[in-house]
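I opened my notebook for this one and wrote down what I looked up, entry by entry. Have the structure open beside you as you read.

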Amino acid sequence: MTVYGIDTSKILHRDSDYLKYIKTMRPCPHCGGPSDPHHVGRGGMGIKGSDYVIANICRKLHILCTGPYYGEKRVQDDFGLDFQQMAIENLISYIMYLKCKIS
Ligand SMILES: [Zn+2]
């Protein structure tokens, strides 16, 4: 997608600061271990999804999501997780974190 000549799929949806925040501040809700940020869904045509649509799950669950036997849906069903809800909660948490840093 191009907005004012900027390819938003490559630029606006990449945010290493946000991924670092998820890794350090948002543990996996299943086991409490550190997160290995999981991009929810797919961006299409092999493009990774937005860095702002992230489920904070550990490496073990991340591997299950991307591997051939489980996948995103089964991980959510079996472990009682809702990745879309998690993505929204992560963004709200990050906005609050940034506001605290500024003020
Ligand atoms: Zn975990």
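**Entry 1: a cut-off to start with.** I call a residue buried if 20 or more other C-beta atoms lie within 10 Å of its own, exposed if 12 or fewer, and partly exposed in between. I also note that this is a predicted model.

**Entry 2: P37.** I looked for P37 and found it in the loop between helix 1 and strand 3 (38–39). Is P37 buried, exposed or partly exposed? It has 19 C-beta neighbours inside 10 Å, so I put P37 down as partly exposed. Next I checked what P37 touches, leaving aside neighbours within four places in sequence: the contacts are L19, I22, K23, I54 and N56.

**Entry 3: the overall layout.** I stepped back to the whole chain, which has 4 helices and 4 strands. Read from the N terminus on, the order is β-β-α-β-β-α-α-α. Of the 103 residues, 18% count as buried. I then took the contacts between residues at least 6 apart in sequence, and 51% of them join residues at least 24 apart.

**Entry 4: the nonpolar core.** Which residues make up the largest nonpolar core? I listed 12 in all: Y21, I22, C28, I54, A55, I57, L61, C65, V75, F83, M86 and A87. Helix 1, strand 4 (54–55), helix 2 and helix 4 each give two or more residues to this core. Helix 4 gives the most, with 3 residues. I followed up on A87, and apart from residues up to four places away in sequence, A87 touches V40, V53, I54 and A55.

**Entry 5: helix 1 against helix 4.** I looked at how helix 1 (residues 16–25) sits against helix 4 (residues 83–102): their axes come within 11 Å and cross at roughly 100 degrees. Angles of 65 to 115 degrees count as roughly perpendicular, so helix 1 is roughly perpendicular to helix 4. On the helix 1 side I found Y18, Y21, I22 and M25, which meet N90, Y94 and Y97 in helix 4. By class, this contact has 6 nonpolar, 1 polar and no charged residues.

**Entry 6: helix 2 against helix 3.** At what angle do helix 2 and helix 3 pack? I found about 135 degrees for helix 2 (residues 59–66) and helix 3 (residues 72–79), with their axes 7 Å apart. That makes helix 2 oblique to helix 3. Helix 2 brings L61, L64 and C65 to the contact, and helix 3 brings E72, V75 and F79. Sorted by class, the contact of helix 2 with helix 3 has 5 nonpolar, no polar and 1 charged residue.

**Entry 7: R74.** While in helix 3 I stopped at R74. Why do I call R74 exposed? Because R74 has 12 other C-beta atoms within 10 Å. The C-alpha atoms of R74 and L64 are separated by 9.0 Å, and the two are 10 residues apart along the chain.

**Entry 8: G41.** My last stop was G41, in the loop between strand 3 and strand 4. I counted 13 C-beta neighbours inside 10 Å, so G41 is partly exposed. Beyond its neighbours within four places in sequence, G41 is in contact with G49 and V53. From G41 to V53 I read 8.5 Å, C-alpha to C-alpha, for residues 12 apart in sequence.

Conventions: Residues are numbered from 1 along each chain as its sequence is written. This is a predicted model: local features need pLDDT of at least 70, side-chain atom pairs count only at pLDDT 80 or more; totals for chains, interfaces and linings use all residues. Axes are lines fitted to C-alpha atoms, for helices over the stretch in contact, and angles run from 0 to 180 degrees between N-to-C directions. Angles under 35 degrees count as roughly parallel, over 145 as roughly antiparallel, 65 to 115 as roughly perpendicular and the rest as oblique. Two residues are in contact if their C-beta atoms, placed from the backbone, lie within 7 Å. Ala, Val, Leu, Ile, Met, Phe, Trp, Tyr, Cys and Pro count as nonpolar, Asp, Glu, Lys and Arg as charged, and the others, Gly among them, as polar. A nonpolar core is a set of buried Ala, Val, Leu, Ile, Met, Phe, Trp, Tyr and Cys residues joined through C-beta atoms within 7 Å.
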